[in-house]
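Visitor: Hi, could you walk me through this one?
Guide: Happy to; here it is.

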Amino acid sequence: MPLYSDEGMVLRTIDLGEADRIVTILTPRHGKVRAVARGVRRTKSRLGGRLEPFVRSNLLIATGRSLDVVSQATVITAYARSICSDYNAYLAASVMAETIDKITPEQPHASTWHEIAPQNAGSAQDVAQYRLMLGAISTLSRRLHTPCTVAYSYVMRALALAGWLPRLDSCVVCGEGECRHFSSSAGGVMCDTHQLPDSRTVDAHALTQLGALIDGAWDVLDAEPRLDATTIAIVEEWSEYYLDHPIRSLRLLHSIA
Ligand SMILES: [Zn+2]
């Protein structure tokens, strides 16, 4: 079987058969990869702990007929222990994993993929999404900011990278500033004249917080104990609208935000 190497962060795992798992891995050069990890649920497995969620590893993967197979994994950084020891951080990391899983399309199967792009260096989008995820997971594991805020910021930044960046400075229709309405379907803020039936009222404070989430302006975000209810509602609405589905773990995060 042909092999390819990449580094990756495991997003989630599903048990398969008696001792195997299917792991979903975000990589910088191959996008999102799904591969079988054989025997990892056996206590003596060498691969086991290296393929848990939120572990960053160097991987060697064999191209299989239907699914690829993880052949080797060497841990670069195990964020898992720090993240899983704190429920809020774990929940925030779960929101992030679910978000990128929904944003990133399945790659064409590797055997076809190699034929199309044998020297693929990773698309700019894949590399940028991988770096964003790595930065956010590392931030969470070091407890640099409130886990909820890290997750909400991540959701908005990952969506912005994917092309869904809301316009916050002026009406999406006429360009007038100081808007008091926000519409996900219209793509941002709207003035009194152009607001839509689905717009929600938004004040300057929530817009500042939204902008800070997108820019990663931690001096603004850390100055307050929590995000406004409107800010949280807009992140949920924006992600649900553009991903076509709600991020389920975001609802759990909402309950502790
Ligand atoms: Zn307008």
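Guide: Cys-171 (SG), Cys-174 (SG), Cys-191 (SG) and His-194 (ND1) coordinate the zinc ion at 2.1 to 2.3 Å. Donors here are N, O and S atoms within 2.8 Å of the metal (3.2 Å for Na, K and Ca); water is not among the atoms, so sites may look incomplete.

Visitor: What should I know about the source?
Guide: This is a predicted model, where local features need pLDDT of at least 70 and side-chain atom pairs count only at pLDDT 80 or more, while totals for chains, interfaces and linings use all residues. Residues are numbered from 1 along each chain as its sequence is written, and side-chain values use heavy atoms, with hydrogens and water left out.

Visitor: Back to the zinc ion: how are its donor residues spaced in sequence?
Guide: The spacing is C-x2-C-x16-C-x2-H.

Visitor: Is Cys-171 buried or exposed?
Guide: Cys-171 is buried, because its relative accessibility is 0%. Cys-174, at 42%, counts as partly exposed. The cut-offs are under 20% relative accessible area for buried, over 50% for exposed and in between for partly exposed (1.4 Å probe, protein chains only).

Visitor: New topic: where does Val-75 lie?
Guide: Val-75 is in strand E5 (residues 68–78); strands (E, at least two residues) are DSSP runs, numbered from the N terminus.

Visitor: And which residues does Val-75 touch?
Guide: Leaving out residues up to four places away in sequence, Val-75 touches Arg-50, Val-55, Arg-56 and Ser-57, with contact meaning heavy atoms within 4.5 Å.

Technical notes:
Helix = DSSP H or I, 4+ residues; strand = E, 2+ residues; numbered from the N terminus.
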